[in-house]
Structure formats: C-alpha cells, structure tokens
Amino acid sequence: MKKEDIKFSKNLFWDINVEKLDIDKYPGYVLQRVLERGQWEDWVQIRAYYPMELIKKEVMQLRTLRPDALAYIALYTDTNKEDYRCYKLTQLNPTPWYS
C-alpha cells in the first residue's frame, strides 16, 4: 500500500493537520492512535503499510497504551504484555481508572 492511498478516519487525528503527518517519520504515534482510537479499516491500512516487525518494535517502545489496545497487540504479535514498556511503566505508576 502506498502512503498516498491511506485515508484515516476523521476522528483519529483530530488535533493535528493530517495532511502534514509524516507516517514514515512517526510510526509510533500513528500506531498508538490507530490502536487506541482507530476503526478496523484504519488498522487494515496501517497493517498493509508497515511491516509486522516495525509495528512490534514501535509499539513495544510506547510509553502509554490503553490496556485493551495492549492486550490486542500482544495477542496479534504473539508477545507477552509484560515485555512492553507501557506495561512496565503502568506497573510502576498505577492509576485509579485502570486499576
């Protein structure tokens, strides 16, 4: 899939100018938004664009990720959620709304 062909849901990048978003320069940002707020079509497009190893590497380094998104990506990539940076940081700093 070409970068020009990707059309994200309008709610996904509501706070930035999506025309200026460089998905090659900021894959972690894009992946986090798609996993947390995206529709199934957003995930299909991003999965067709990024190789699985890049997805796995970038998501494992995210500082934050919603628990449901973490569970999904860990299952999808066949990895342990305990290996993700966001999981480790959550364990160090638990918040009442995700306890």
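Is Y76 buried, partly exposed or exposed, and what is its relative accessibility? I looked this up in what is a predicted model. Y76 comes out at 35% relative accessibility, so it counts as partly exposed.

**Entry: the partner of Y76.** I found that Y76 pairs with W43 edge-to-face, with 5.3 Å centre to centre and 85° between the planes. W43 sits in helix α2 and Y76 in helix α4, so their pairing ties together parts 33 residues apart in sequence. I checked W43 as well: its relative accessibility is 5%, so it counts as buried, the cut-off being under 20%.

**Entry: other rings.** I count on six aromatic pairs in the structure. One that I looked at is Y49 with Y50: the ring centres are 5.3 Å apart and the planes stand at 65°, so this pair is edge-to-face. Y49 is buried at 19% relative accessible area, and Y50 is buried at 3%. I also noted an aromatic cluster made of F8, F13 and Y29.

**Entry: F8 and the core.** I went on to the largest nonpolar core, which has 25 residues; F8, V30, V59, L65 and I73 touch the most other members. Helices α1 (27-37), α2 (40-49), α3 (52-60) and α4 (67-77) each give this core at least two residues. Beyond four places away in sequence, F8 touches F13, V18, I23, V30, V34, D42, Q45 and I46.

**Entry: Y84.** I placed Y84 in the loop between α4 and α5 (85-92). Its relative accessible area is 0%, so Y84 is buried. Setting aside neighbours within four places in sequence, I see Y84 in contact with V59, M60, L70, I73, A74, T77 and T79.

Terms used. Residues numbered from 1 in each chain as written. Predicted model: local features only at pLDDT ≥ 70, side-chain atom pairs only at ≥ 80, totals over all residues. Heavy atoms only, no water. Core = buried A, V, L, I, M, F, W, Y, C linked by side-chain atoms within 4.5 Å. Buried < 20%, exposed > 50% of the residue type's maximum accessible area, 1.4 Å probe, protein only. Helix = DSSP H or I, 4+ residues; strand = E, 2+ residues; numbered from the N terminus. Contact = heavy atoms within 4.5 Å. Phe/Tyr/Trp six-rings, centres within 6.5 Å; stacked < 30°, edge-to-face > 60°.
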